[in-house]
Every structure is written in structure tokens, then in C-alpha cells.
Amino acid sequence: RPVVDLFSGVGSLSLPLAKQHGWVIGIEGVPGAVERANDNARANGLQARYLCGDILEKLDEIEPRVEGRAPVVMVDPALAVARKDG
């Protein structure tokens, strides 16, 4: 099953899952974190792609990739973000 990691940071939680689940797609708003996550995925030969931008907008972009297969969705926002949105 695919893994979708929201607020993915550098991928420290989702990159290890790429081996087990086949592929990971992460969404993060911090450009430097996205760059490091993608570098880590390439360096380790993992099928993972991290996107930078607004979570809801990027989810619309990846929807076709997970069609037909229910993804595992990880959400690990910073406490301040969770409180603001909650």
C-alpha cells in the first residue's frame, strides 16, 4: 500500500516505510526539509517523493497515484500547527 506522509519534514518517519510499502509520497511546507527528504530517498535507493507546498493543494495533485489502493496516511504536525488547525 502506498504511504502518504503529511507534514513530512525530512522523511524520518516515512522513509523507513518505503521499503515495506513500495513507495512513499510526502508533503511538507518547508523547502529545505523537502530537499533533504528527496536527497535521503535517492541516496538510499527508495521509491519516495516529497513535495513542497500547501497540504490540501498537493493532496489534489497526488490523488490519481493512489486511486484504487487505499493509502496509509501519516499526519505528524508540529503541536502549534495542530492547535491552530484544530
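A polar contact is taken here as a pair of N or O atoms within 3.5 Å; within protein, one must be able to donate a hydrogen and the other to accept it, and residues adjacent in sequence count only if both atoms are side-chain atoms. The structure is a predicted model, in which local features need pLDDT of at least 70 and side-chain atom pairs count only at pLDDT 80 or more, whereas totals for chains, interfaces and linings use all residues. Residues are numbered from 1 along each chain as its sequence is written, and side-chain values use heavy atoms, with hydrogens and water left out.

The side chains of Asp-5 and Ser-14 are joined by a polar contact of 2.8 Å. Asp-5 is placed in strand 1 (residues 3–6); strands (E, at least two residues) and helices (H or I, at least four) are DSSP runs, numbered from the N terminus. Beyond its neighbours within four places in sequence, Asp-5 is in contact (heavy atoms within 4.5 Å) with Ser-14, Ile-25, Gly-26, Ile-27 and Met-74.

Ile-62, in helix 3 (residues 55–66), counts as buried because its relative accessibility is 3%, the limit being under 20% relative accessible area, with exposed over 50% and partly exposed in between (1.4 Å probe, protein chains only). With neighbours within four places in sequence again set aside, the contacts of Ile-62 are Val-4, Ile-25, Ile-27, Arg-49 and Leu-51. The C-alpha atoms of Ile-62 and Leu-51 lie 9.8 Å apart, at a separation of 11 residues in sequence.
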